[in-house]
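Please look over the sequence and the structure first, and then read on.

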Amino acid sequence: MRAVRLLAATAALAACTGGPGGSTPAVTVAVAPSAPTTPPTVTTVATTTIPVDPTTTIPAAPSSASPFPTARPGIPVDQLPASGSVDPSITDNRLFLLGDSVMGTMRPGNTDAARKVLEPLGWKVTLDAVDGRFADAAITVLRDRRRDIGQVVVILIGNNYGGNEELIGRQFDTMLSLLDGVPRIVFLTVEEYEAKQAEVNAELRRIAADPRVTLVDWNTIVKGTLGANRPDGLHLTPFGAGVLARTIADAVGPAPPH
C-alpha cells in the first residue's frame, strides 16, 4: 500500500514572563534568626513561545499499529489512490462484489463507498450484498449471476456462520468451481468477533493456495483501525465502510483502460 502523509500538529510550549515591563520582580526572602544571612540567587531563564495554528486538527490514532496505514480518521478515504498498476492479464473493467451486511455498508443508499472509491479507478461496480447472508446463499448468487461476473470478483462471506468448518470449507470450494475461468478472486477474511470465526478464516487460508485467489486479511485491518466498527464489534461505521472500500481498492488496483 502507498504510504500516506499525515498532518502533524506542533505542540505549544507555554512561556512564563516576568513582572510588568518585562523586568524581573523583586524577591523578598524571609530569614529566621538561626538561618544563614546570605540571600539565595534568583536566575531568570529566557523562554520561547512557538505559535500554533488554532485550526489544526490532530486525528485520533489507532489504539495499536495498523497494517493499513491509510486508515486514519481525518483523511478522506475516497481521495486516496489505489496502489499498484494495471494487471495486463485483466481486460474487463467489471468488478463484482459479493457479501453480507458488512459489505452492505458500501451500498448506494447507505454510504455508497464502493462506487465512490472504486469507480474513479475505472471499475464498473456491481455490489450484491444482503443482510444475514450465509455461504450457501452466496453460492446461489454466483450461480445465478455468472453472466454479470467479469474477470475480478471480491467476496466477503462467513460472518454468518453455523459453526461447521467442514461444511463452509466445501462451500468455499464450490465458489471456486463456479468461478472457473475467473483469473482474479479476492477473498477477505472475516472479523473474528466470535471465536468460531477463526474456523472460517482457517478455511480461507486453505483455499488461498489456489493461484487465482488473493486473500486480504480484513480481520487484522479492521481490528487495528480505531473507529471502523460499530459497538457490536462487527458492523461498520461510515468511516469503516470507507476503509473496507479502500482495502478492496488496494487489492484490485486500477481497472484496465476501457
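The text below goes from the chain as a whole to a pair of helices and then to a pair of aromatic rings.

The model is a predicted one, and its protein chain holds seven helices and five strands, which follow one another from the N terminus in the order β-α-α-β-α-β-α-β-α-β-α-α. Of the 258 residues, 41% count as buried, while the chain exposes about 13,800 Å², of which carbon and sulfur atoms supply 55%. Among the contacts with a separation of 6 or more, 78% are accounted for by residues 24 or more positions apart.

Helix H4, residues 165-178, packs against helix H5, residues 197-207, at an angle of about 40 degrees and with the axes 9 Å apart, and the crossing of H4 and H5 is right-handed. On the side of H4 the contact includes Ile168, Gly169, Phe172 and Leu176, and on the side of H5 it includes Val200, Ala202, Leu204 and Ile207. The residues of this contact divide into seven nonpolar, one polar and five charged.

Phe172 also takes part in an aromatic pair with Phe187, which is edge-to-face, with 5.7 Å from centre to centre and 75 degrees between the planes. Because Phe172 lies in helix H4 and Phe187 in strand E4, residues 184-188, the pair ties together parts that are 15 residues apart in sequence. The table gives the accessibility of the two partners.

| Residue | Relative accessible area | State |
|---|---|---|
| Phe172 | 0% | buried |
| Phe187 | 1% | buried |

Both residues count as buried because their values are under 20%.

Note on methods. Residues numbered from 1 in each chain as written. Predicted model: local features only at pLDDT ≥ 70, side-chain atom pairs only at ≥ 80, totals over all residues. Heavy atoms only, no water. Axes fitted to C-alpha atoms, helices over the stretch in contact; angles between N-to-C directions. Helix = DSSP H or I, 4+ residues; strand = E, 2+ residues; numbered from the N terminus. Left-handed = near helix turned anticlockwise from the far one by under 90°. Contact = heavy atoms within 4.5 Å. Nonpolar A, V, L, I, M, F, W, Y, C, P; charged D, E, K, R; others polar. Phe/Tyr/Trp six-rings, centres within 6.5 Å; stacked < 30°, edge-to-face > 60°. Buried < 20%, exposed > 50% of the residue type's maximum accessible area, 1.4 Å probe, protein only. Areas by Shrake-Rupley, 256 points an atom, 1.4 Å probe, with all protein chains shown as cover.
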